[in-house]
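I opened a new notebook page to record what I looked up. The entries follow in the order I made them.

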Amino acid sequence: QVTLRAGAELDAHQVNQYTLTLRAACPGEEEVEERLFVQVTAGQVLHCDAPFTSTGRRWGVAGAGWRGPRVPAGTGVPRLCCAAGGDVVRVSADVAPRTPLYVVLPQPLGGLTVSGGCPEFRLRNQDTPLTLTHRGLVLAPAGGFNPSKDTQRFRLEIEVMDRHGHNCSGAVTVEVLPSQRPSVTFREPQWAVTVPEGTSPLEVVTQVHASGDNVRYAILAPTVPVLFTIDEVTGEIRSTRRLDVAHARLLVQAYNTLNPADHATAMINITVQEVDRRAPSCVPAISVSQVPETVSPGTTLVTLRCTDPTGAKDCLHYGLEGPPASLSRFRMEGPQLQVNTTLDYDSEAMAAVGFQFTATIMVTAGGQSPRTTRVPVLVTVTPVNEFTPACPNGANFTVLETAAFGSTVGRVAGSDRDYPPDSLEYSLEGGTGPTQPFSIDTRTGDIRVVGPLDSQRYKRYRLMVRLTDTRNDLDPAKRWSRLCDVVVRLQAVPNQVPVCTPEVQELWIMARLGSRQPVTRLACQGSLDGAALAYAIAGGNEDGRFWLEGNTLFYLSNDLAEPRTFVLLVEVWGSPGAPRRSTVVALVVHVTPWTTPVPPSTTTWHTTLQKELLVITRTEAAWLPPAWFVTVLTVSSALLLAALGCVARSLLCR
């Protein structure tokens, strides 16, 4: 075992390694020699600076080399260097409870030095309200300092010890100076408050205010408040329930939350008075009025006669409540309900509210406990026939001279700006007769043919249609009308059956191989207006040897070996209207091949056969089912599809 000699001092800066030679020998054996190397490392030990004569004073600001968090001005935390005379700290008496006032920190530059681990701090004297933490912090008392007008002094003797048992002691004196800040005070120590009976819960009764810093409020008496509570920050006193007639005395304290010893009290007398709950009475109690849409703004609709049961005069206030549409169209001028803007009956906005406006007149009697009477109001706006019906622009129609009975010629679309819009009745001046074979629907204005149209005598008819408005005024007899000039032109129906000359032709042609030969050109006359005619081969062209281009017939040559005769039927028709009227021309064409001996002449011979009556009947089948049949078929199909869907769904579910 190798130990350090007593009294020896190791200094790593001078000698940092020692070499020891150790020899050992057993009886009868050779001596063994070994070396032991002892290294000395620099270490820190707890020691106190001599001569412990530091008595420096510090005013709330840490000295040089101070480490740690900053604290508010005036409450600085200087460092302790284990000075023999001790250190002095001066703080204000209004510092917050448990505020750090001083800190003892390790000082590697000299003075207090700690070797390994955290030092242990111990307070040697216990006759002080200050607190020393295990981290070396000196804290203000938990209840703050006594706000005395004299300077208070507290001395702390502190001992610091490391884990090796080395220690160092010092002292610090805390001087508590009188606070320079204003103390908490009430402007008045006592005052009275009167509130009306029936005050709602949590309604502000009064508010207290005290001067000072960090002021908070509390009710001291009664200790268990029953009727009132106070906001500790704002000082507002509120009721805890609906108040009845009573009298209460509250002792309110205001205090500095950082220094509870700085406080003040005030007495508040609260009286709950009985109030007259009778609301004003008004005549009429309900207002129902009817006004025309032409009423002028500013017109008075109703004047209320209201009285206050308490006998107070000139204390009634009138207001209007209701939907925005009512508030924009009416206003209150004292007790008078007046029209604020025009009431246009002929608008969609008016129709949206059903031409009626509802509102409520609020009559309030002033005082500490306002009392209100509500007068319901109903205003109905009635229509006024202001505008005359207007004729449509360009009421001109055209109808075929062959139009059937009941055919629609056109519609006279008159207009009227009164509500309901375009509510008109139509009538024909002079009635219906041979000179005016038309009628008009009194509701829709549709003009129909109700008699024969004489195109030989009349090219057009001039009708006088009277437009009369309906349901536009409260008085049914107040109606406006206007005559409108309507012209109906007759359109002549041309002869749609073309006439062809001749109707039967016999033709001879010589077929040339590989060429398209013109056969003939049909001469047909259609309508008088010269409308174009349409031509089509209706029969006899099964093998497609003939072709029509307009009214010209062509033969398409091929390998015809023998002479052949073709009988062609050509249909000629005019306008595309239905039913189609057409004429059929019969063409007998003799075609001779080029190799067959023929007469020397190559001229095409046209022979007109004796005209015989040829009647061709062409039937086009068409089925027009009645409307009820279509409806039944549609419903049946829908039911069938639904049934099939249900069956398929049930099968899939299984």
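Helices (H or I, at least four residues) and strands (E, at least two) are DSSP runs, numbered from the N terminus. The model is predicted: local features need pLDDT of at least 70 and side-chain atom pairs pLDDT 80 or more, while totals for chains, interfaces and linings use all residues. Residues are numbered from 1 along each chain as its sequence is written, and side-chain values use heavy atoms, without hydrogens and water.

Entry 1, an arginine in a strand. I found Arg482 in strand S35, residues 481-491. I noted contacts (heavy atoms within 4.5 Å). Leaving out residues up to four places away in sequence, Arg482 touches Thr388, Pro389, Ala390, Cys391, Val465, Arg466 and Leu467. Val465 is 17 residues from Arg482 along the chain, and their C-alpha atoms are 8.3 Å apart. The Arg482 side chain also comes to 3.4 Å from the backbone oxygen of Pro389.

Arg482 has 38%, so I wrote down partly exposed.

A nonpolar core is a set of buried Ala, Val, Leu, Ile, Met, Phe, Trp, Tyr and Cys residues joined through side-chain atoms within 4.5 Å. I read that in soluble globular proteins, nonpolar side chains tend to be buried together. The largest core here has 25 residues, and Phe186, Val208 and Phe228 have the most contacts inside it. Strands S12 (190-196), S15 (215-221), S16 (228-230), S18 (246-256) and S19 (259-273) each supply at least two residues of this core. S19 gives the most, with five residues. I also found another core apart from it, of 24 residues, among them Leu304, Val339, Tyr345 and Val379.

I looked for cis peptide bonds. One runs from Ala221 to Pro222, with omega near -5 degrees, and Pro222 is in the loop between S15 and S16. Another joins Thr501 and Pro502, with omega about -10 degrees. Pro502 is in the loop between strand S36 (499-500) and strand S37 (504-511).

I then looked at phi. Arg98 is not a glycine, yet its phi is positive, about 60 degrees. Arg98 is in the loop between strand S4 (87-92) and strand S5 (100-103). Its relative accessibility is 45%, so Arg98 counts as partly exposed. Asn214, also a residue other than glycine, has a positive phi near 50 degrees. I placed Asn214 in the loop between strand S14 (210-211) and S15.

Technical notes:
Buried means under 20% relative accessible area, exposed over 50%, partly exposed in between (1.4 Å probe, protein chains only). A polar contact is a pair of N or O atoms within 3.5 Å; within protein, one must be able to donate a hydrogen and the other to accept it, and residues adjacent in sequence count only if both atoms are side-chain atoms.
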